[in-house]
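Please work through each task before reading its solution.

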Amino acid sequence: MQREKNYTEINMASCSRAQVISLYRMLMKESNKFTSYNYRTYTLRRVKDGFRENLHVDNPKTLDNLINQDRENLAVIKRQVSIGHLYSAQRNVVEKEPHL
Amino acid sequence: MSPKALKGINRPNNLSCFTTVFRSEAGCSERTRCISSGLWALWSLVTVRADHLPSSPCTPSTALLSPRLDELRPLYMDFQATTPMDPRVLDAMLPYQVNYYGNPHSRTHAYGWESETAMEKARKQVADLIGADPRETVFTSGATESQQYCVARFYKAKKTHIITTQTEHKCVLDSCRILEAEGFEVTYLPVKNNGLIDLKQLQETIRPDTSLVSIMTVNNEIGVKQPIKEIGHLCRSKNVFFHTDAAQAVGKIPINVNDWKVDLMSISGHKISGPKGVGALYVRRRPRVRIEPLQNGGGQERGLRSGTVPTPLVVGLGAACEIAQQELEYDHKCVTVLANRLVQKIVSEIPDVVKNGDPDQRYPGKIRLSNCLFFLKWESLLMALKDVALSSGSACTSASLEPSYVLRAIGADEDLAHSSIRFGIGRFTTEEDVDYTVEKCIQQVKRLREMSPLWEMVQEGIDLKSIKWTQH
């Protein structure tokens with residue numbers, strides 16, 4: 001019983017960690033698809049700083065809330081990226097190469 | 001100008017407008033028109049109109065402004081004028097533009113109920129940002145409309161004195177001018193050299209018949225933050241209504257209307273990455289502030305502002321306020337770092353640059369530098385920096401050639417006032433933007449100063465103020 005409980009706990013912990021890492025990767029991948037220079041640079045920076053800020057959060061409830069919020073943010077980013085592609089404009093002077 | 005360069009310019013008299021800019025005999029109003037035409041002409045010379053655009057999903061619908069896809073857009077460094085809309089705000093607004101299109105005041109069907117729920121949620125979001133009650137918030141079409149309600153006829157029979165400052169936004173100053181014509185007495189308080197008002201002077205100016213004091217929280221031109229808490233307490237002790245224009249301050253510094261004892265506050269949507277065309281007005285309920293409605297009709301918004309509340313816009317405003325509240329600390333930290341970087345880099349490379357406004361009591365993202373170009377006006381630098389979107393004053397006064405009245409009010413010399421540039425840094429500015437701006441700015445100022453004979457004279461040690469210029 002104890003061993004099963006430990007096994008479930010370890011599983012949950014590693015599942016959460018894997019979840020968080022995959023969520024981070026997906027957020028960065030989607031943010032990179034923004035055609036607008038302003039939105040792309042802001043989202044990449046914000047996601048990176050946001051995850052760094054919450055690196056040491058232990059409370060599972062807070063963690064769940066943050067993960068759900070990030071899932072919603074991911075959906076928002078995906079939608080806004082499509083809209084950006086529909087209404088794209090020229091590159092900014094600061095951008096070095098054509099983006100996508 | 002070669003014929004090739006002129007090809008594609010579709011605005012009449014472009015060349016004549018350009019040459020008129022440099023003709024000194026032109027009259028003032030003609031020069032104003034010509035300066036803006038000149039700037040437009042320069043921009044249109046850079047972007048040649050292409051008749052054959054490669055197929056793209058969407059191009060701007062205006063025929064005059066259809067540049068080619070390989071043309072580069074200038075860098076945006078004018079965050080005081082307006083801000084790009086946050087993608088989260090657009091995402092919140094879109095459902096109400098597409099499917100949930102009901103009128104929030106319709107009481108009989110689900111379309112009305114869902115719009116009303118969204119409107120009330122937005123009201124709560126706006127109220128939470130300023131520490132108010134949702135019943136105290138009224139949605140308007142922007143900060144200018146909110147100010148029309150505030151700078152108005154309070155208790156006209158008994159109290160006819162209004163106090164404001166010389167550095168207020170034009171809408172407040174214009175409203176005060178109209179009230180003066182109606183018989184009110186308005187005192188325009190002067191500001192100190194650092195842009196802050198003198199509290200003792202304010203205390204002495206308040207009279208028994210003063211009805212309103214109107215002072216903006218953060219100035220849009222020099223970025224100075226007024227001591228609103230002290231002013232609020234002073235006004236409450238003297239039983240005078242206090243209005244503050246917080247359009248530039250909301251979402252950037254923490255605001256609490258109860259701590260600050262503010263009675264009326266104007267909020268603008270497009271200054272906090274929200275949609276344009278919407279704003280809010282905070283009207284205190286305890287003690288009650290009675291204002292007159294300017295727009296009469298069906299009694300919406302507590303009878304103060306009748307008319308259908310635009311659900312998508314207020315949902316956008318609410319979302320922008322909620323995001324601003326969450327991101328306040330993070331944005332403030334980023335903006336401070338970038339602002340310090342910009343100022344330090346410019347000041348280290350270019351001598352004789354003056355930063356206007358108080359160094360401590362300010363919002364860091366609004367920087368105004370007088371480049372001391374010695375009679376080389378801001379138009380020259382702005383035209384030279386065509387890759388960067390900058391301005392020299394507020395957008396509503398940008399058409400005029402006169403230097404900003406705010407700089408005059410803080411006591412800047414004529415030459416400093418004429419050669420001043422305003423940099424705006426916001427949520428979306430990056431380090432690369434700041435570095436690029438600084439590099440171009442330094443390059444152009446050095447180039448323009450080399451061409452300037454007055455700069456040579458200054459280098460030789462001649463005091464320009466002692467020169468007697470002959471009249472032709």
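**Exercise 1.** Determine how many residues of chain B and of chain A are in contact, and which residues of chain B lose the most area to chain A.

*Solution.* Step 1: in this predicted model, 30 residues of chain B touch 23 residues of chain A. Step 2: the two chains bury about 2500 Å² between them, and carbon and sulfur atoms give 55% of that area. Step 3: on the side of chain B, the residues that lose the most area to chain A are B:Arg73, B:Asp91 and B:Tyr330, which together account for 24% of what that side buries.

**Exercise 2.** Describe the salt bridges and polar contacts found across the interface of chain B and chain A.

*Solution.* Step 1: two salt bridges are found across this interface. Step 2: one of them joins the side chains of B:Asp91 and A:Arg79, with an N to O distance of 2.6 Å. This pair qualifies because 2.6 Å falls within the 4 Å cut-off for a salt bridge. Step 3: B:Asp91 is also among the three residues of chain B that lose the most area to chain A. Step 4: twelve residue pairs, both members at pLDDT 80 or more, are in polar contact across the interface.

**Exercise 3.** Which helices of chain B each supply at least two residues of the side that touches chain A, and how do the residues of that side divide by class?

*Solution.* Step 1: the helices are helix 4 (87-98), helix 11 (311-349) and helix 15 (431-451). Step 2: helix 4 of chain B provides the largest share, five residues. Step 3: by class, this side of chain B comprises 16 nonpolar, two polar and twelve charged residues.

**Exercise 4.** Characterise the interface of domain 1 and domain 2 within chain B.

*Solution.* Step 1: domain 1 of chain B spans 87-323 and domain 2 spans 328-465. Their C-alpha centres lie 30 Å apart. Step 2: the contact takes 29 residues from domain 1 and 24 residues from domain 2. Step 3: the buried area is about 2300 Å², with 57% of it on carbon and sulfur atoms. B:Glu221, B:Ile222 and B:Lys252 supply 30% of the area that domain 1 buries against domain 2, more than any other three residues. Step 4: zero salt bridges are found across this interface, and three residue pairs, both at pLDDT 80 or more, are in polar contact. Step 5: helix 4 and helix 7 (170-181) of chain B each supply at least two residues of the side of domain 1 that touches domain 2. That side has ten nonpolar, twelve polar and seven charged residues.

Notes: Residues are numbered from 1 along each chain as its sequence is written. Chains are lettered from A and ligands numbered from 1 in the order in which they are written. This is a predicted model: local features need pLDDT of at least 70, side-chain atom pairs count only at pLDDT 80 or more; totals for chains, interfaces and linings use all residues. Side-chain values use heavy atoms; hydrogens and water are left out. Contact means heavy atoms within 4.5 Å. Buried area is the accessible area (1.4 Å probe) that two parts lose on being put together, summed over both. A polar contact is a pair of N or O atoms within 3.5 Å; within protein, one must be able to donate a hydrogen and the other to accept it, and residues adjacent in sequence count only if both atoms are side-chain atoms. Helices (H or I, at least four residues) and strands (E, at least two) are DSSP runs, numbered from the N terminus. Ala, Val, Leu, Ile, Met, Phe, Trp, Tyr, Cys and Pro count as nonpolar, Asp, Glu, Lys and Arg as charged, and the others, Gly among them, as polar. Domain bounds come from an automatic or database domain assignment.
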